[in-house]
Amino acid sequence: MIPYLRKCRSLTIHLKPVFDSDIVFIQRFLHNGPDTVEELLDRHVVKKEKSLNDEEEELLNRQRLTSTRREALALYRDIFRATRFFMWPDSRGVLWRDVLRENARKEFEEARFEKDPELVTRLLIGGRDAVQSALEKLAEKQKQQISKERDGGEGR
């Protein structure tokens, strides 16, 4: 391989004589450099290997979108399930369950056409955290209420 490279590098290109008496020799080393800018870029720029074609890429994007839609629907269902426990009325006489469901619906409608995956993920995580903390607070209050009723019943 090395002798072959040496042979290729030492090739010379003969040009037609400019004048009858003058012969011009131009020595050019092959494979010393690219002939065009495209060759230079092809040799030295790292290309992103695209293992997926356009159809596979589109399918992957749809799967991602479908998974965030599934997560959003699951969160919405979890909110509706969690609001079942809020059965007391607020100051206006409206059940907290209905107020919470209405607010959840409004928030989901506002974020309905959001395309930024990072923002969608933040909204989903924030919603999950809010549902979880609301249920934890509700459970803590119910425990306190039960302990008050036990303490009050034993004192009689």
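## Residue classes and model

In what follows, Ala, Val, Leu, Ile, Met, Phe, Trp, Tyr, Cys and Pro count as nonpolar, Asp, Glu, Lys and Arg as charged, and the others, Gly among them, as polar. The model is predicted.

## The largest pocket

The largest pocket has a volume of about 1200 Å³. Its lining consists of 34 residues, and those nearest the centre of the pocket are A72, L75, F108, A111 and L124. Two or more lining residues come from each of the elements α3 (54–82), α4 (96–110) and α5 (117–154). Helix α3 provides the largest share, 11 residues.

Sorted by class, the lining comprises 20 nonpolar, 6 polar and 8 charged residues.

## Aromatic pairs

The structure contains 3 aromatic pairs. One of them joins Y76 and F108 in an edge-to-face arrangement, with 5.0 Å centre to centre and 75° between the planes. Because Y76 belongs to helix α3 and F108 to helix α4, this pair ties together parts that are 32 residues apart in sequence. Y76 is buried, at 18% relative accessibility, whereas F108 is partly exposed, at 25%. Y76 and F108 also belong to one aromatic cluster together with F80.

The ring centres of F86 and W88 lie 5.6 Å apart and their planes meet at 50°, so this pair is classed as tilted. F86 is buried, with a relative accessible area of 13%, while W88 is partly exposed at 39%.

How values were computed
Residues numbered from 1 in each chain as written. Predicted model: local features only at pLDDT ≥ 70, side-chain atom pairs only at ≥ 80, totals over all residues. Heavy atoms only, no water. 1 Å grid on protein atoms, 1.4 Å probe; cavity = no way out; pocket = protein on both sides within 12 Å on 5 of 7 lines; lining within 4 Å. Points joined across faces, edges and corners; volume = space filled by probe spheres on them. Helix = DSSP H or I, 4+ residues; strand = E, 2+ residues; numbered from the N terminus. Phe/Tyr/Trp six-rings, centres within 6.5 Å; stacked < 30°, edge-to-face > 60°. Buried < 20%, exposed > 50% of the residue type's maximum accessible area, 1.4 Å probe, protein only.
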